[in-house]
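Morning, everyone. Please take a look at the structure on the screen.

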Amino acid sequence: MSSTSATAPSLRAAFEADDHCLSLRSGERAIDPSIEPMFEQLTGLCTLPSVAQRVIQIADDPNADTQDLLEVVETDPAVAARLMQVVNSAYCGLRNPVGDLRSALTLLGIERVRSLALTISIGGTFGRPTPVGLLDPQRLWDHSVCVATISRQIATRCNACQPEEAYLAGLVHDMGLLFINQHLNSLAPRVLAHMQSGMSLPNAERHVLAFDHAQVGAYVAWRCGFPRDIVAAIDYHHAPAACPDEAVPLVRVVTIANYLSTRYGRGSLEGRRLPAPSEGILTPMGLDLLSLRQLWEELPETVANVHELAIA
Ligand SMILES: [Fe+2]
Ligand SMILES: [Fe+2]
């Protein structure tokens, strides 16, 4: 699993694959072949920290156990130290502080500790300085952790998908925005100008770049070895009704969480508004407008301690 491997599949291979990055191939959002070199170059620049990549491998390996996770985390002392800080913070809500990662694993479980390790490792990527850009990376990180935490809450409430899988999908759903901001930030003013004249962010991106942040995020996630359903959740988080496969519950969870977080003022861009989820998204999840309102009223508590995961 390497995001920069010389054997990484080409964009054309993604077009031809049966079960990855479906939006790349489908009608309206198909990528113009003429911009393939730029897209390839951009995705080649996007890498995740090695700890994050190895934690994702563990998540996808049914034979991996707590010892494997401990060994990976301990290869990066900064990640291990920050992990202990977060484990003992209000975000995790442990009754008594723990002194070592093995105890944290016993109390929180491997899935939860794995999510925290990924959060800390990926958070370092968001914190890189960006002189000019479409957005504030700190704000994008806060949005990502809010959407992750709300996604976990919705998945638990609706029993729609595995809560930690929902957390991870929420955490990385907008990582394409980060990559565009880091590598194509000179085009940001044009994207913003289209948004100011009423275009949605994905449409403005497609107008200027010929692809949108969901597509580039999904493509990079695929190349980094993220599980297939996470790739789909990134790909379709702004178009859940178009998702054609069984990843749909996860896509719906992230779409609803993204809406709630943005409406609550914790969006990726200041002042951004998103359309409310339709009945077609809510009903299959066993949700309606009343339960959406309940989730909304619980938001202050749901995201109360998200600041504990701020980039250190
Ligand atoms: Fe997005
Ligand atoms: Fe978002």
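I will go through the salt bridges, pair by pair. Keep in mind that this is a predicted model.

How many salt bridges does a search of the whole structure find? The count is 5.

Start with Asp142 and Arg266. They form a salt bridge, and their closest N and O atoms are 2.7 Å apart. This pair links distant parts of the chain. Asp142 sits in helix α9, residues 137-158. Arg266 sits in the loop between α16 (248-263) and α17 (279-282). That puts the two 124 residues apart.

Next, Arg157 and Glu298. Here the closest N and O atoms of the salt bridge are 2.6 Å apart. Again, distant parts of the chain are linked. Arg157 belongs to helix α9, and Glu298 to helix α18, residues 289-302. The separation is 141 residues. Arg157 has 41% relative accessibility, so it counts as partly exposed. Glu298, at 25%, counts as partly exposed too.

Now stay on helix α18. Which residue pairs with Glu297? Arg293 does, in a salt bridge with the closest N and O atoms 3.3 Å apart. Both residues lie in helix α18. They are 4 residues apart, which is about one turn of the helix.

Why can such pairs form at all? Side chains of opposite charge can pair when their charged atoms come close.

That's it from me. Thanks.

Key: Residues are numbered from 1 along each chain as its sequence is written. Chains are lettered from A and ligands numbered from 1 in the order in which they are written. This is a predicted model: local features need pLDDT of at least 70, side-chain atom pairs count only at pLDDT 80 or more; totals for chains, interfaces and linings use all residues. Side-chain values use heavy atoms; hydrogens and water are left out. A salt bridge is a side-chain nitrogen of Lys or Arg within 4 Å of a carboxyl oxygen of Asp or Glu. Buried means under 20% relative accessible area, exposed over 50%, partly exposed in between (1.4 Å probe, protein chains only).
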